[in-house]
Amino acid sequence: MTENLELFPPPEPNGRAQAAIKIIALRKQLNAWAHEYYVQDAPSVPDAEYDRMFRDLQALEAQHPDLVTPDSPTQRVIGAVMDGLAPVRHAVPMLSIRTETDTEASGAEAFDVRIRRELKLTPEDPPVEYIVEPKFDGLAMSLRYEHGKLVQAATRGDGEVGEDVTHNIRTIRQIPLALPADAPPVLEVRGEVYMARADFDALNERQRAQGGKTFVNPRNAAAGAVRQLDSGIAAQRPLSFFAYGLGEVQGAQFATHHAVLQQLKLWGFPVAGQAGLAQGATELIAFHQRIGAARDALPYDIDGVVYKVNSLALQQQLGFVTREPRWAVAHKYPAQEMATRIEAIDVQVGRTGKLTPVARLAPVFVGGVTVTNATLHNLFEIRKKGVRVGDTAIVRRAGDVIPEVVGVVPGQRSSYVPNFRMPAQCPVCGSAVVREKGEANHRCTGGLFCPAQRKEAILHFAARRAMDVEGLGDKLVDQLVDQGVIRMLPDLYRMGLTALIALERMAEKSAQNVLAALEKSKRTTLPRFLFGLGIRHVGEATAKDLARHFGSLDAIMDATVDQLLQVNDVGPVVAEAIHTFFAQPHNREVVEQLRACGVTWEEGAPAERATLPLAGKTVVLTGTLPTLSRDAAKDLLEAAGAKVAGSVSKKTHYVVAGEEAGSKLAKAQELGVPVLDEAGMLALLAAPAPEGQEP
């Protein structure tokens with residue numbers, strides 16, 4: 001019911017206390033109505049009543065600007081133009097989820113089989129409990145609350161670092177700016193910003209009426225709105241939000257993901273009504289089919305469903321592989337398909353050197369856009385599908401994003417057309433094209449030399465875990481390469497202040513900071529340099545193993561495949577990739593030029609892994625250490641032969657805990673795993689390896 005505002009008479013002149021009381025009451029009522037309208041979809045008052053009270057609050061706050069707070073309903077729209085979107089490092093990485101592209105029932109069955117295998121369950125064990133949620137076609141978002149107040153909103157970005165879009169997220173009325181008193185002191189809510197279909201259609205109608213640009217699909221319109229510098233523009237876009245998980249949390253614990261969703265609803269966040277529990281593969285399949293049947297009737301776009309193991313303890317036990325959780329998968333639905341003619345097949349070279357055959361098509365409207373190009377993935381896919389130039393092909397927008405040729409219409413070929421063949425040399429740089437044994441994809445061996453791979457090579461080289469060149473991000477690298485300032489990695493260290501200042505939006509101070517970061521990066525370590533070269537299959541761990549085994553870069557560069565196979569965890573594929581990389585004269589030339597530019601590191605004699613103090617030990621880091629960063633502690637442990645894991649299990653040998661250590665510390669204490677502080681870890685690193693210790 002509407003609160004009787006006559007209980008709050010207009011304040012007398014200088015009646016600041018009375019104004020404060022009425023402002024609090026107005027905000028409370030407006031927030032309650034907004035929750036009814038945007039979250040519960042059950043408004044109790046007409047829009048005019050909400051608007052009237054909103055204007056009353058605006059008037060009072062205008063009279064008493066010192067009483068305006070960031071969580072006021074009036075502060076959701078801020079029209080000031082921002083200087084730019086600041087980077088935000090996620091306290092807990094926003095990992096991507098593995099995608100199951102098999103749209104039939106076997107996709108759910110394969111996931112269940114894998115989970116049961118990972119958990120070592122037998123056929124006699126009960127089914128695993130999962131939670132199933134729609135896979136929204138929107139923009140992933142992390143909302144950070146401290147002491148109940150929204151303090152930051154960030155996009156996923158690369159999973160580690162996103163963009164600060166707090167000013168725009170405040171315009172989404174479904175997102176609470178303040179939480180109830182029982183919310184934990186630190187709470188990161190993960191979810192999806194999207195645009196409902198009806199809102200998208202209405203937005204495009206308004207754009208057409210005003211002679212403005214129309215948007216292709218709701219996802220792009222939503223993403224573009226979130227990244228606007230002017231939150232007034234974002235406020236004009238009808239954005240919505242669904243919460244589906246948590247990032248960093250301090251002061252609250254949950255047993256299941258279902259419990260997390262229920263609590264999020266109690267705290268005022270919208271949660272998808274289609275989410276539900278499923279016991280085993282049979283119920284996963286039923287969920288997939290049921291939501292798929294209702295897909296077109298939903299008020300928003302989805303391109304699949306997400307399966308997650310419900311138990312958070314089991315999620316922790318399953319852990320992660322690379323940047324994906326083992327305990328979750330996105331199961332896609334069939335995409336829209338149309339038929340058109342293949343007019344030619346070209347080859348594109350991607351940022352990582354992968355060669356992708358691309359079909360040039362007679363224009364066709366599919367999945368909401370006009371498509372003229374479609375991926376053919378690789379040579380094996382072309383052979384399997386029987387695709388040739390001149391065929392009538394079935395084109396699908398895979399995942400509603402990337403158009404692909406899924407097959408050809410039989411009987412349409414009018415004459416003989418030869419099979420397509422992949423080129424022997426890279427069409428961009430002329431380097432040899434290879435296909436690794438067991439691999440489907442062909443790749444350019446140009447590495448550091450190929451112009452198509454130039455931007456990716458620079459970004460990888462400058463990454464935090466490689467050479468750590470702060471300030472050298474995507475936009476700056478795009479400008480440097482597109483304007484010809486950088487053609488090869490060594491050009492990074494030959495840049496002058498004048499060339500940098502000439503770039504768009506590059507002030508002298510920013511340019512000096514980039515040059516200082518580059519100068520600082522010259523003093524590095526052999527593992528970081530090796531990792532920064534971007535050798536295929538050589539990640540951080542392999543780079544460290546190579547440095548530890550050989551001791552010097554020259555020894556690695558001159559090593560035979562057989563010698564490389566002697567390195568811990570290096571198999572035939574990795575050994576061949578390393579050998580092939582350094583067999584390319586242009587790659588060796590880049591390395592020598594980098595050395596000539598002053599890039600240096602300490603080298604030493606090859607280490608015997610068995611003599612390292614923590615060889616064969618698994619260590620988990622948690623909390624904040626007094627003097628060492630998480631990365632520095634990890635480097636020390638790995639240099640001592642330890643494997644640094646992300647979760648605690650019975651196989652963990654030590655847990656190193658700092659301040660605000662959470663569930664990992666509790667798990668270690670529960671399992672009886674030895675817990676060390678920073679001093680204890682350093683003492684352990686200084687101890688000699690026990691005699692006879694196995695590597």
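Biologist: In which hand does H3 pass H9 in a crossing?

Modeller: This is a predicted model, where local features need pLDDT of at least 70, side-chain atom pairs count only at pLDDT 80 or more, and totals for chains, interfaces and linings use all residues. Residues are numbered from 1 along each chain as its sequence is written, and side-chain values use heavy atoms, without hydrogens and water. A crossing is right-handed if the near helix is turned clockwise from the far one by less than a right angle, and left-handed if anticlockwise. The passage of H3 across H9 is right-handed.

Biologist: At roughly what angle do the axes of H3 and H9 cross?

Modeller: Helices are DSSP runs of H or I, at least four residues, and strands are E runs of at least two, numbered from the N terminus. Axes are lines fitted to C-alpha atoms, for helices over the stretch in contact, with angles from 0 to 180 degrees between N-to-C directions. H3 covers residues 106–118 and H9 residues 280–293. Their axes come within 9 Å and cross at roughly 145 degrees.

Biologist: Which residue in E5 does Leu143 stand opposite?

Modeller: Strands pair if DSSP finds at least two bridges between them. E4 and E5 run antiparallel, joined by six bridges. Opposite Leu143 stands Ala153.

Biologist: Which helix has the lowest mean pLDDT among the elements of the chain?

Modeller: pLDDT is the predictor's confidence in each residue, from 0 to 100. The chain averages 85. Helix H8 has the highest mean among the elements, 96. The lowest, 73, belongs to helix H7.
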